[in-house]
Each structure stands twice: as structure tokens, then as C-alpha cells.
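Have a look at the sequence and the model first, and then read on.

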Amino acid sequence: MSMKRLLIGAGLVLALVRPVFTHHSFAAEFDANKPVTLKGAVTKVEWANPHIWVYLDVKDDNGAVQPWQCEGGPPNTLTRNGWGPNSLKVGDQITIDGALAKDGSKTCNARTVKFPDGRSVFAGSSGEYPPKH
């Protein structure tokens, strides 16, 4: 086998294996014992695999606006649960219930999203709420 074929083969294997390593577990990044409820205005929605992201501006207790990012489930799961890439628009006022990130950032794993029309939908979280002990 030539060196060129070996390198091409190794490159293909790495390309196929890499997505497995980029996926993370809920418990590695989020703390189900630290629930959070966020109310704010949508600033951006990223509807892509492996997880969607919803970005929103949330006012803190002092009225200062804080940017948050919330991870949802895979697009296919969310579509089966009644929402899609056009369900949220920039400026929509929503409520997200989820779990805080362990790293202390303004990041959460979304469990439910309450749309402006009052409808609540599952956000595809892979975490256990409440966690089993």
C-alpha cells in the first residue's frame, strides 16, 4: 500500500470519527441541580445539528441586559415536538426553563421554551429533571 493511500485512508477515518468526539454529555457541561428560568428577547436562533442554540437578552435584577445562550436538542427532535426554524423570530419575548452551565457562563441547556403565543414546547434537553440520585 502506498503512503499516499495510507494517508488518505487515515484522513477519511479521522473525518468520520471527529463528530463523535465533538458531541458532549449533558452531565459534563450542565448542572441539573441548578435550574434556571430566563425571560427575554430572542436575538438569534441557530437551527443546525447537532443542537440548536437560542440567544436572548435577559434583564437581571438591576435591570441590566445580559446576553444568554441556550442549547436545545437536535433539529429533528424539535420538529417532531412542534416547532421549527421559523418558530422564533428576533425580538420575540420568550421564557426558557433549563439547567445552568457548570462553567459559570451565561449558558443553559433548555428543557422547555414558552413561545410568545403562550404555548410551551419541549426543547430537547438530554438531562434528567430532576436528576436521579
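Helices (H or I, at least four residues) and strands (E, at least two) are DSSP runs, numbered from the N terminus, and two strands pair if DSSP finds at least two bridges between them. The model is a predicted one: local features need pLDDT of at least 70, side-chain atom pairs count only at pLDDT 80 or more, and totals for chains, interfaces and linings use all residues. Residues are numbered from 1 along each chain as its sequence is written, and side-chain values use heavy atoms, with hydrogens and water left out.

Let's start with the overall layout. The chain has three helices and six strands, and along the sequence they follow the pattern α-α-β-β-β-α-β-β-β. Of its 133 residues, 35% count as buried, where buried means under 20% relative accessible area, exposed over 50%, and partly exposed in between (1.4 Å probe, protein chains only).

Now for the strands. In the hairpin of β2 and β3, five residues sit between the strands, and glycine 63 takes a positive phi near 90° there. Two pairings of β3 look like this:

| Pair | Direction | Bridges | Residues opposite each other |
|---|---|---|---|
| β2 (residues 53-59) and β3 (residues 65-71) | antiparallel | seven | valine 58 and glutamine 66 |
| β3 and β5 (residues 107-114) | parallel | three | glutamine 69 and threonine 107 |

What about the inside? A nonpolar core is a set of buried Ala, Val, Leu, Ile, Met, Phe, Trp, Tyr and Cys residues joined through side-chain atoms within 4.5 Å. The largest one here has 20 residues, and Leu38, Leu56, Cys70, Trp83, Ile94, Ile96 and Val113 touch the most other members. At least two residues of this core come from each of β1 (30-46), β2, β3, β4 (93-101) and β5. Another core, of five residues, lies apart from it, with Phe26, Phe30, Ala32 and Ala99 among them. In soluble globular proteins, nonpolar side chains tend to be buried together.

One more spot deserves a visit. Is histidine 51 buried or exposed? Histidine 51 lies in the loop between β1 and β2, and it counts as buried because its relative accessible area is 14%. A polar atom of its side chain lies 3.1 Å from the backbone oxygen of glycine 72.

Notes: A polar contact is a pair of N or O atoms within 3.5 Å; within protein, one must be able to donate a hydrogen and the other to accept it, and residues adjacent in sequence count only if both atoms are side-chain atoms.
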